Amino acid sequence: MSSRNPTYNNPIPCKHLTDYKQNHGLQSYSCVQKNLKTNPNGRTTINKDQTKIPRCSICFKNQGIRLYYCLICSSISCCQSPDSNHALLHSQNEKNGGHEILIDIEKAELFCCICCDQVYDPDFDELVMSKQIMEMPTNNNGVDFRNSNDGNSSSKRRKIMVSSTTSTVGSPDYKNGSKELMLMMRRNSNSCFPWGLRGLNNLGNTCFMNSVLQALIHTPPLRNYFLSDRHNRESCRQTSADRLCLCCDIDAIFTSVFSGDRTPYSPARFLYSWWQHSANLASYEQQDAHEFFISMLDRIHEREGQVRAQNKENEDCHCIAHKVFSGILRSDVTCTTCGFTSTTYDPCVDISLDLNTSSVSPKDVTGKPTKSNQNAGISTLVGCLDLFTKPEKLGPDQKLFCQHCQIKQNSLKQMSIKKLPLVLCFHIKRFEHSPVRKMSRKIDRYLQFPFSLDMIPYLSSSIVRNRFGNRIFAFEGDESDMSTEFEVFAVVSHSGKLESGHYVTYLRLRNQWYKCDDAWITQVSERLVRASQVYLIYYVQKTLYIKSGEDLLAGDPAFLQTPACC
């Protein structure tokens, strides 16, 4: 892989895949291409024989397991876990080598039975993509992609410079530049799906990355920033000695996703770049979506911070990551003896919430009753926010120094929100660790969340006034001019166990929900979204959500649903 792009120092690829390609070349890739099938939603699978049900050649099971197709002998085997790996047993039974590399029948992804993990190969990825392009012209969306690489394709990817280089994220010039690009791009797409909905190929346990990328791609202020050419790749290359720029790779993703091309996109270049900036997370193993989200914002901040080094330290950060996601939390610690209150302020790009306990039955969310267990019950986002801003009595081992008493005293701590960002990200704490049992577990409780959210009750002004009553008529830095109404636009959910699982994203575009499951995009019901194991929830200021919907719909009949679509 490094030979394709020498500027990237990639993690060492799977040794078994490298050996396989050296010994067998790409001939088996070409042979398997004829057995690939792409459905109208962009998901590629191995085309099964309709007269024969695929089964593991060793245990003969065919349900509830992942089946893999051997590239050498076409044998089918399963791998449920490292301890139940019939694919490995198959490769050990064969005298000739190469049987350790297989293809996931359902996802058409390479799998190494020795590593017991998905592996990524750009050559195989190109083969899958070419097959998708050949089949997409006949799909139900009616989009012809065969000429997507012709001389006119550059016009799809051309960026529109905003009229003023000093315009900000919310300025009229900024919005007009983005809208001009939207109107140009829409002419190249006839899909009934909203503009910009495009699947992302799994590059080997990268569903954590794909799920967060889908949410960020459809974050209105972030989308406007990159599509308005606020980060210009050509200028960045000319002015920066660092040839490895994560913002440039993010910009490339926005350009490709909003090009009008509906075939699934492979964010391999971005993955390699992120690996370089986050070496501790550089592996093919599954990562935490929340950690990836924070890491990505940190890398954007570091990059743009270097560009804007002329800003003074005491000024607010002007990088796009902080402009969109940064808010300010207020922490009040009150001495229970004398009543003295110490106040501190801390910036944040997300708010982590503990799941509160509710008496609501699980059947109210899913529509069907569920068995009760230690995770049974439903939490509510409003309840989680109430818990977050509720006064907390600190324990004896958490006594803090009181400036009035001049000794450590028992105290109460209360959190509130001093400043709201343009986009609110709530991180739901589903993974907890028990120091007593020395083990971790996942909390599978459902979470009810409103589509429209008013944050007034959780602002510092509201919390402090409730604490002191009508004695306070004025509040320093009152948030009266702050937009407090938000609309949900993206939800990242996690299914499965703590040590293994799968991330998907649900996007709310034009008040319709869409499920982004790696390369597979489907329209889903509100009930399905509410029944998911919510992990990250993204809210945007209501005015921006409404404006975003108007931009996607304005004067474009191609984006209206028709009975024959999808």
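How many of the 566 residues of the chain count as buried, in percent? The figure is 52%, with buried meaning under 20% relative accessible area, exposed over 50%, and partly exposed in between, for a 1.4 Å probe and protein chains only.

Before going on, the ground rules. This is a predicted model, so local features need pLDDT of at least 70 and side-chain atom pairs count only at pLDDT 80 or more, while totals for chains, interfaces and linings use all residues. Residues are numbered from 1 along each chain as its sequence is written, and side-chain values use heavy atoms, with hydrogens and water left out.

The chain has 18 helices and 26 strands. These are DSSP runs numbered from the N terminus: helices are H or I with at least four residues, strands are E with at least two. Among contacts with a separation of 6 or more, 69% come from residues 24 or more positions apart; contact means heavy atoms within 4.5 Å.

Now to helix α10, residues 246–257. Helix α7, residues 207–217, packs on α10 at about 75°, with the axes 11 Å apart. Axes are lines fitted to C-alpha atoms, for helices over the stretch in contact, and angles run from 0 to 180 degrees between N-to-C directions. The two helices are therefore roughly perpendicular; under 35 degrees counts as roughly parallel, over 145 as roughly antiparallel, 65 to 115 as roughly perpendicular, and the rest as oblique. On the α7 side the residues are Leu 213, Leu 216 and Ile 217, and they meet Ile 253, Phe 254 and Val 257 of α10. By class this contact has 6 nonpolar, no polar and no charged residues. Here Ala, Val, Leu, Ile, Met, Phe, Trp, Tyr, Cys and Pro count as nonpolar, Asp, Glu, Lys and Arg as charged, and the others, Gly among them, as polar.

Helix α8, residues 220–227, also packs on α10, at about 95° and with axes 9 Å apart. That again makes the pair roughly perpendicular. Leu 222, Arg 223, Phe 226 and Leu 227 of α8 touch Cys 247, Ile 250, Asp 251 and Phe 254 of α10. This contact divides into 6 nonpolar, no polar and 2 charged residues. Phe 254 and Phe 226 also belong to a cluster of ring pairs with Trp 195, Tyr 225 and Phe 258.

On to rings in general. The whole structure holds 17 aromatic pairs. Rings of Phe, Tyr and Trp (its six-membered ring) pair if their centres lie within 6.5 Å; planes under 30 degrees apart count as stacked, over 60 as edge-to-face, and the rest as tilted. Phe 293 and Phe 325 are edge-to-face, at 5.4 Å centre to centre with 80° between the planes. Phe 293 is in helix α12 (289–307) and Phe 325 in helix α13 (320–325), so this pair links distant parts of the chain, 32 residues apart. Both Phe 293 and Phe 325 are buried.

Phe 449 and Phe 451 make a tilted pair, 6.0 Å centre to centre and 40° between the planes. Phe 449 is buried at 2% relative accessible area, and Phe 451 also counts as buried, at 14%. The charged end of Arg 530 sits over the ring of Phe 449, 5.5 Å from its centre. The criterion is NZ of Lys or CZ of Arg within 6 Å of the ring centre and within 35 degrees of the ring normal.
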